[in-house]
Structure formats: C-alpha cells, structure tokens
Amino acid sequence: MDPAFTKQKIKELRAMVCEGDRVAILLQDDPDPDAMSSAMALRTLLGRNKQTTPIFSFTPVTRPENRTMVHLLEIEIAQATTEELDTFDKIAMVDVQPPFFGEKIPRADIVIDHHPGYDSGNAPFEDVRVRYGATATIMTEYLMTADERISERLATALLYGIRSDTLMLSRRVTEDDLQAFTHLTPLANYNLMRQIDRPELPLSFAQILGRAMKRMVVEDKLIVLNLGRVERDDLIVQMADFCLQFEGVEWVAVAGKLGKNLVISVRNHGMGRANAGELVKTLFGDIGSAGGHRNMAKAVIPLTSWRRREKTTRDPAIEARLRDLFAGQIIKTTEGDDGRSPNGRNGS
C-alpha cells in the first residue's frame with residue numbers, strides 16, 4: 001500500500017465531482033461482487049447516496065450467489081441505457097473500463113479497475129492497478145487512507161468482493177489484498193456471508209449437469225462441453241467451475257446458447273504459460289466480446305457471427321469445434337523452446 005499515492009488519487013477523485021453533480025456508477029454486464037462492492041465504496045468515499053449517485057448495469061445480475069448478495073445487502077442496480085447515462089454530469093466505472101462497452105456509453109469520467117489488457121487514457125480520472133486481485137482492494141485502500149467509516153454492510157460487501165475475485169485468496173493475491181482483507185475481517189457480518197455463499201440453485205442446473213456428465217471426457221487435461229440452450233449464463237459458469245475440480249483436469253471450456261449469443265466460460269489452474277484471457281481473445285476476439293484473467297475468461301459471441309465463421313450452430317458441431325480450437329491453442333501457447341509441450345508431447 002502506498003498511502004501518499006492513494007491520498008493523491010483521492011484528492012483528484014473528489015475534485016472531479018462537484019456538490020451538485022449527478023453521478024452514475026456503471027458496472028460491467030451481469031455485475032459480480034467485486035464490482036457491486038466497489039460501487040458501494042465509491043459512493044461512500046464521495047459522500048453520496050443512491051438518489052444522487054445510482055448504480056447502473058446494462059444487464060441484470062444472474063448468478064445465484066450474486067443475486068443473494070443483492071437481496072441481503074439491499075443493493076439497487078438500475079437498468080442502464082445510453083440515453084439515460086448521457087443525462088448525468090459524471091459517469092464513473094468500477095471493475096470495468098470504457099472499451100468493454102464500445103459505443104453504448106457516451107463517455108467516461110472516472111475509471112477504477114484492476115483488469116489488464118486495456119490502453120490508458122480512457123477517462124480524465126483513472127486508477128487501474130492490474131497487479132491487484134480485486135477492485136474492492138483499491139476501494140478499501142481508499143476508505144482506509146481517507147479514514148472513512150466502513151459500515152458492517154459495506155465491509156461485508158467488500159470482503160466478499162475480494163474473496164470472490166481472488167478465489168478465497170488463492171489467485172493473484174498481493175500484499176495489498178491481504179491488508180484489505182485483514183482490515184475488513186472484524187467489520188463484516190459472517191452470517192450474511194454464509195448465506196451469500198450458499199444460494200439456492202435452480203433444478204435446471206441438476207438436469208443440465210446430468211446430461212453433460214454423460215458426454216464429458218478429459219483429453220489432454222482439457223474438458224470441453226456445450227450445454228446447448230440455457231436460461232441463465234451463470235449455469236455455464238458454474239459448470240466450468242465444477243468441471244475444473246476433477247482429477248487430471250487443467251483446462252475447462254463450457255459453452256451454452258443464451259438468447260442470441262453463444263457464451264463460453266473458460267477456467268484453468270494457472271499452470272504453464274497459457275493465459276485464459278489472451279486465449280479467448282485470440283480465438284474469438286474477431287467475432288465477439290472476449291477477455292478475462294489468466295485463470296478465468298469469458299467470450300460472448302452472436303450466434304450469427306459464429307454461423308458466419310463456422311458454417312453451423314448445431315450443438316454437437318459447436319462442441320467438437322470448440323474442442324479443436326482450445327486444444328490447438330493451448331498446445332501452441334504452452335510449447336517449450338524445443339518445440340515440445342511441457343508434458344513431453346510434440347506440440348504439432
């Protein structure tokens with residue numbers, strides 16, 4: 001933690017917002033705990049309320065544990081539209097950066113994030129710390145440096161945000177994340193956190209799980225599944241998380257059709273040189289939205305774009321093609337200098 005740097009950023013941030021300004025806080029699509037808790041913290045840091053500084057997202061929260069968090073912590077997230085955002089004096093973004101939205105946003109005034117892969121200069125105020133495990137860590141550091149009171153509700157949200165984005169302090173954790181976690185621990189409500197951790201799952205998840213398990217195979221430490229039509233994209237994510245737990249599995253790619261899109265969730269253990277975020281950008285960046293972290297990534301591809309490139313949207317064909325694409329790209333990116341993959345197989 002660098003108190004002098006953070007103190008200067010707080011001064012710049014507060015100078016950006018005048019007393020009479022209406023500020024919109026915009027989160028990524030299907031907001032996660034890191035984003036939601038960071039939005040709550042930004043509002044506290046600026047001394048504002050939900051009337052003067054509402055929270056927006058273009059798509060609703062879908063994952064069961066995240067919906068439970070919204071309910072238990074009474075987080076209000078309004079449906080964003082380009083036209084409504086344009087009526088605000090300032091637009092702030094936490095846990096996301098302007099290029100993610102393309103032309104859907106009129107501008108960005110404040111950006112606080114930890115995701116890599118974007119150029120700087122997208123907003124007058126930027127604080128992007130890519131080595132941090134969570135944006136909630138940055139916001140906790142702000143609150144600590146500013147000597148702001150962190151309520152039990154806010155502490156619970158921030159602690160859960162850090163936990164979820166670092167996989168319970170097992171992924172991309174820095175000393176700053178640990179300091180924030182330690183500071184928040186005695187302030188949080190652990191009864192609420194336990195309730196958030198154990199949300200109800202829809203019966204459809206068990207049905208999808210049963211069908212998928214019949215087809216699941218592990219080839220070269222990789223599992224690839226296409227679930228077909230799903231009602232929520234969190235089912236795709238949960239299936240990917242579930243499959244990564246099997247013995248001998250290092251990479252998982254799970255896809256599903258949601259509305260007019262093909263959604264692909266990718267997970268790995270962080271072994272070797274391959275980066276999940278870069279891998280999905282390479283494979284799908286030309287036909288959809290793709291990106292993420294080293295250990296987890298996501299691609300959202302319009303089915304029309306997939307059909308145009310791959311000539312079919314039949315579920316078995318999608319699964320087979322995804323297996324070929326991921327297997328080839330993983331081998332390519334993990335080849336050693338001698339042309340062999342780390343497990344000794346020829347990389348060809």
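Q: Two strands pair if DSSP finds at least two bridges between them; what makes strand 9 and strand 11 (residues 296-302) a pair?
A: In this predicted model, where local features need pLDDT of at least 70, side-chain atom pairs count only at pLDDT 80 or more, and totals for chains, interfaces and linings use all residues, 7 bridges join the two strands, so they meet the requirement of at least two. They run antiparallel, and Ile264 stands opposite Ala299 in strand 11.

Q: What makes strand 8 (residues 251-258) a partner of both strand 7 and strand 9?
A: Strand 8 is joined to strand 7 by 6 bridges, running parallel, and to strand 9 by 8 bridges, running antiparallel. Asn226 stands opposite Ala255, and Gly256 opposite Val263. The hairpin of strands 8 and 9 has 2 residues between the strands, and there Gly259 takes a positive phi near 60°.

Q: Which residues of the largest nonpolar core touch the most other members?
A: The core joins buried nonpolar residues through side-chain atoms within 4.5 Å. It has 48 residues, and Leu13, Leu42, Ile112 and Tyr142 touch the most other members. Leaving out residues up to four places away in sequence, Leu13 touches Leu42, Leu45, Leu46, Ile110, Ile112, Phe125 and Tyr142. Another core, of 26 residues, lies apart and includes Leu222 and Phe284.

Q: How do you know that helix 6 and helix 7 meet, and which residues are involved?
A: Contact means heavy atoms within 4.5 Å. Ala155, Leu158, Leu159, Ile162 and Arg163 in helix 6 meet Ala180, Phe181 and Leu184 in helix 7. By class, this contact has 7 nonpolar, no polar and 1 charged residues. The axes of helix 6 (residues 152-165) and helix 7 (residues 175-184) come within 9 Å and cross at roughly 145°, on a scale from 0 to 180 degrees between N-to-C directions.
Residues are numbered from 1 along each chain as its sequence is written, and side-chain values use heavy atoms, with hydrogens and water left out.

Key
Helix = DSSP H or I, 4+ residues; strand = E, 2+ residues; numbered from the N terminus. Nonpolar A, V, L, I, M, F, W, Y, C, P; charged D, E, K, R; others polar. Buried < 20%, exposed > 50% of the residue type's maximum accessible area, 1.4 Å probe, protein only.
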